[in-house]
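Try each task yourself, then follow the solution step by step.

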Amino acid sequence: MRTLLKMLLLGCFSLPVWANEAALEKANVETDAKSIERGAEAMMGFCHSCHSMKYVHYRDLVTFGMDKQKVETWRGDQPLDAAILAQMAENDAMASFGKVPPDLSLMVKARDGGANYLYSYLLGYYLMPDGATGNHFYPATKMPDVLNSSGLTEGAARTEVQGQARDIVSFLAWVSDPHEAERLRLGYYVIGYLLVLTTLLYLLKNQIWSRLK
Amino acid sequence: MPSRIVQWIDQRFPLTSFVKHDLTGYPTPRNLSYWWNFGFLAGFVLVLQVATGIFLAMHYKADIALSFDSIQHIMRDVNYGWLLRYMHATGASAFFFVIFVHMARTLYYGSYRAPRELMWWTGQGLLLLLMATAFMGYLLPWGQMSFWGATVITNLFRATPFFGDQVVIWLRGDYTVGDATLTRFFSLHYLFPFLIIGAVLVHLVALHTVKSSNPSGINLADKDNIPFHPYFTIKDLYGLGLFLIVYSVFVFFMPDSLIEPANNIPANPMQTPNHIVPEWYFLPFYAILRSVPNMVGGVLAMGLSVMIFAFMPFLDRSRIPGGAHYRPIFKIQFYLFLLDMLILGYVGYVPPTPQTIVIGQIATLCYFGSFFLVPFISKAEERWLIKRGLPPEVTTLIEQEAHDKEARRQKHLRRQGEIA
């Protein structure tokens, strides 16, 4: 039995080192309405031409409390109840990139690393010797360096790009899980209620069981 | 007036005597620890899953073109749909957690021993039904992991001798996992919980015949039994409160921690995910499947790894009651087995590398070895413990059991004689 234990322990210690990928940068997602609205604006400017967010409707942005005028501009001739679809037709995207750019509605949930991954990816572009851009986090990407993160590597310009990336990711986090704020708020009440209830049940249990002694 | 109604019912249906015999007055050992709460919790989670599931089914569409969208409809547009879905998804994990603890308790305290073998075997049947239900439910969101998980697992039935290919097509209703598979999995996912409820009733009838085991493993005198109500109703409710706190932390604060990111990508039969992993509760068994290089062997090993628990009443040959309580070696075996399960779970989770494959194979051997060694170790341990001296109540119980067994044998022989 002891040898068995030793073998198992040795097995544990010889576990392989975790696959070593480029470490993700922390996105520090913002959850306030201002950041999310800025993110929506950046998203509409940088991403919307190619990417859709089919589970989100323009009306959802108004309901969230974004500036109605801005939403009007973004939707153009689309009805307010329309889903946010890419401006570029799928066939054209296929012709330009060889693939249809993925829908962004669930992007924060659909990747390992979530928001941190997206943030790192948006900022992860670099210039290759031949002048094209590559990406540290997703080398096979077909997406151009929309934020120009490969060109702006230092100083205030870099900070601005990071801010934009953070806003976009914050917006996409909201898009992936629009009820998150409500869920967390409700969660504190539920847990609070359960703590009180369980304490009372514990006291009642002690009281009832004390009859036995 | 109410008493007259009850009286009217009692003349036609044993209401009062049932409530007294099986609910309020049901005799329960007073020394049950909190490990005995998990059967009740499993029943509670079952009700929770059925309740949330029925409401989810009102908004869900079982159609490969619509199901992924319908989940997003539930998550975004249905009033508190996100809560229903997170409760149901987290509930599945909670169900397995509670059942695993319940099983571990049974193993630790030797509760599977005579006369409770049928409880253990109906429980084993319940575990299989639960696994089938969870597996089919996981296909319904029609994400990448849903699709590829179902593809990998249904594919295992190719190991069936002679007509493996036909069995796989029969299960899927198509050559690949598709719309026919989704609709039948939805139908069966709705049916199976009701089979589970039926099996739970059998489990409970058996329980109320043999009564609960208890941590000492010794049959208690009547004075040590107390009525179920109010003592265990309140203890179960307090346990439920603790459970609900943990459950709510997952539902409200980390609901996505138990959902693979890849399942937020719609199923795509043209693109295999880099790494297909089952839900956490299947990981140890999945690791065993992958540890055997041959497919048929792997499937057999995986099937046996789940079913082997049923053999415990035969494998454990020790006459000493109380499971690990009076049996130090059995206790070590129990903890080593848990450790082995964790290692297998880890091996099932990570992408296979040469090291993890070897670790998985050693852990698989340990898994089966720990069962196959039980008859020998339990007998040797019994001899050693008797030589060392047992507490008098344990000796009494062993003698009592031997006496009962002999009496049964004599009775049987007499009956045989009468017939002849």
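**Exercise 1. Find the helix that gives the largest share of the lining of the second largest pocket.**

Step 1. The largest share, nine residues, comes from H9(B). Helices are DSSP runs of H or I with at least four residues, numbered from the N terminus.

Step 2. A word on the ground rules: this is a predicted model, where local features need pLDDT of at least 70 and side-chain atom pairs count only at pLDDT 80 or more, while totals for chains, interfaces and linings use all residues. Residues are numbered from 1 along each chain as its sequence is written, chains are lettered from A and ligands numbered from 1 in the order in which they are written, and side-chain values use heavy atoms, with hydrogens and water left out.

Step 3. The space in this pocket is about 1,400 Å³. Its lining has 49 residues, and those closest to the centre are B:Gly39, B:Phe40, B:His203, B:Leu204 and B:Leu207. (On a 1 Å grid over the protein atoms alone, a pocket is an open set of points with protein on both sides within 12 Å along at least five of seven lines, whereas a cavity is a set where a 1.4 Å probe fits but cannot get out; lining residues have an atom within 4 Å of a point.) A volume is the space filled by probe spheres set on the points, which are joined across faces, edges and corners.

Step 4. Sorted by class, the lining holds 27 nonpolar, 17 polar and five charged residues. Here Ala, Val, Leu, Ile, Met, Phe, Trp, Tyr, Cys and Pro count as nonpolar, Asp, Glu, Lys and Arg as charged, and the others, Gly among them, as polar.

**Exercise 2. Describe the lining of the largest cavity.**

Step 1. There are four cavities of 30 Å³ or more, and the largest has a volume of about 750 Å³.

Step 2. Of its 37 lining residues, B:Gln49, B:His88, B:Gly137, B:Leu140 and B:His189 are the closest to the centre.

Step 3. H5(B) gives the most to this lining, with eight residues. By class, the lining divides into 26 nonpolar, nine polar and two charged residues.

**Exercise 3. Which helix gives the most to the lining of the second largest cavity?**

Step 1. This cavity has a volume of about 140 Å³. Among its lining residues are B:Leu107, B:Met312, B:Gln333 and B:Ser370.

Step 2. Helix H14 (328-349) and helix H15 (354-372) of chain B each supply at least two residues. H14(B) gives the most, with four.

**Exercise 4. Is B:Glu382 buried or exposed, and which residue is its salt-bridge partner?**

Step 1. B:Glu382 pairs with B:Arg319, their closest N and O atoms being 3.1 Å apart. (A salt bridge is a side-chain nitrogen of Lys or Arg within 4 Å of a carboxyl oxygen of Asp or Glu.)

Step 2. B:Glu382 sits in helix H16 (residues 374-388) and B:Arg319 in the loop between H13 and H14 of chain B, so the bridge ties together parts 63 residues apart in sequence.

Step 3. B:Glu382 is buried, at 3% relative accessible area, while B:Arg319 is partly exposed at 39%. (Buried means under 20% relative accessible area, exposed over 50%, and partly exposed in between, with a 1.4 Å probe and protein chains only.)
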